[in-house]
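Thanks for asking me to look over this model with you. Have the sequence and the 3D view open as you read, and take the points one at a time.

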Amino acid sequence: MTDDVKLLMLAGDYVEDYEIMVPYQALLMVGYKVDVICPGKKAGDKVLTAIHDFEGAQTYSEKPGHAFVLNADFDAIDTDEYLGLIIPGGRAPEYLRLNARVLEIVKAFADRPIAAICHGAQLLAAAGIIKGREVSAYPACRPDVELAGGTYADIPVTEAVTDGELVTAPAWPAHPAWLAQFLKVLGANVSI
């Protein structure tokens with residue numbers, strides 16, 4: 001694998017910390033070049049992250065995360081240069097789905113590998129690319145998936161689901177399954 005095989009990652013302020021950093025580092029580790037973008041920001045700008053944890057409350061708790069440094073310019077992106085798309089969760093997808101260019105980017109990957117986790121399904125739903133597809137997400141996103149015509153996959157938080165070239169998972173505890181399935185969809189061969 002060489003770094004000329006590029007993947008695109010969509011980010012925004014309060015993206016979930018683990019859901020941006022872990023796939024970013026893991027995909028770099030196996031040889032992909034991962035460009036991370038955010039509307040209104042350029043390479044070198046930062047997005048704030050949030051750490052979501054499951055502590056027995058009715059929903060996750062949220063704590064301050066890190067400042068993630070973007071490495072590509074949103075306005076300069078040509079989606080044709082990328083093999084696949086990664087959409088981390090957190091609160092970012094909730095407002096990113098209001099950006100017409102973000103939705104164009106997601107639609108451009110409708111027939112290519114996409115990995116979305118947690119609230120990332122909100123972007124998939126808003127882009128209108130999940131009708132008739134099985135999609136996992138954080139449980140609070142179930143209505144978004146179903147209203148967009150998708151079938152919500154109610155799976156354990158440590159699992160992921162693949163439907164064609166779309167790989168989705170409920171939250172960061174699914175990273176091992178989610179990333180393994182995404183690498184398979186990408187055609188990567190990782191072995192020990």
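A term to have ready: a crossing of two helices is called left-handed if the near helix is turned anticlockwise from the far one by less than a right angle, and right-handed if clockwise. Helices (H or I, at least four residues) and strands (E, at least two) are DSSP runs, numbered from the N terminus.

1. **What you are looking at.** This is a predicted model, in which local features need pLDDT of at least 70 and side-chain atom pairs count only at pLDDT 80 or more, while totals for chains, interfaces and linings use all residues. Residues are numbered from 1 along each chain as its sequence is written, and side-chain values use heavy atoms, with hydrogens and water left out.

2. **Two helices that meet.** Two packed helices are described by the angle between their axes and the distance between the axes. Here helix H1 (residues 17-29) and helix H6 (residues 175-186) pack at an angle of about 45°, and their axes are 11 Å apart. Axes are lines fitted to C-alpha atoms, for helices over the stretch in contact, and angles run from 0 to 180 degrees between N-to-C directions. H1 and H6 are therefore oblique to each other; angles under 35 degrees count as roughly parallel, over 145 as roughly antiparallel, 65 to 115 as roughly perpendicular and the rest as oblique. The crossing in which H1 passes H6 is right-handed.

3. **Who touches whom.** On the H1 side, the contact (heavy atoms within 4.5 Å) is made by Tyr18, Glu19, Val22, Pro23, Ala26 and Leu27, and on the H6 side by His175, Trp178, Leu179, Phe182 and Leu183. Sorted by class, these are nine nonpolar, one polar and one charged residues. For that count, Ala, Val, Leu, Ile, Met, Phe, Trp, Tyr, Cys and Pro are nonpolar, Asp, Glu, Lys and Arg are charged, and the others, Gly among them, are polar.

4. **A closer look at histidine 175.** Is histidine 175 buried or exposed? With 7% relative accessibility, histidine 175 counts as buried; buried means under 20% relative accessible area, exposed over 50%, and partly exposed in between (1.4 Å probe, protein chains only). Leaving aside residues up to four places away in sequence, histidine 175 touches Tyr18, Glu19, Val22, Pro23, Ile117 and Ala180.

5. **The six-stranded sheet.** In what order do the six strands of the open sheet run? The order is S3-S1-S6-S7-S11-S10, and the pairing is mixed. Two strands pair if DSSP finds at least two bridges between them. Strand S3 (33-37) and strand S10 (161-163) are the edge strands, each pairing on one side only. On average, neighbouring strands of this sheet are turned by 20° against each other, direction ignored. Helix H3 (residues 100-108) packs on the sheet and touches strand S1 (6-10), S3, strand S6 (84-87) and strand S7 (114-117).

6. **Pairing inside that sheet.** S6 and S7 are parallel, over three bridges, and isoleucine 87 has alanine 116 as its bridge partner in S7. S7 and S11 are also parallel, over four bridges, with valine 167 in S11 as the bridge partner of alanine 115. S10 and strand S11 (residues 166-169) pair in the antiparallel sense over three bridges, and threonine 162 stands opposite valine 167.

7. **The two faces of S7.** In a regular strand the side chains alternate between the two faces of the sheet. Ile114 and Ala116 point one way from S7, Ala115 and Ile117 point the other way, and all are buried.

8. **The three-stranded sheet.** A second open sheet, also mixed, has the order S2-S4-S5. Strand S2 (15-16) and strand S5 (61-69) stand at its edges with a single partner strand each, so one side of each has no neighbour in the sheet. S2 runs parallel to strand S4 (residues 46-53), joined by two bridges, and glutamate 16 stands opposite alanine 50 in S4.

9. **Two residues with positive phi.** Most residues other than glycine have a negative phi, and most peptide bonds are trans. Tyrosine 14, in the loop between S1 and S2, has a phi near 70° and is partly exposed, at 33% relative accessible area. Cysteine 118, in the loop between S7 and helix H4 (121-127), has a phi of about 60° and is buried, at 3%.
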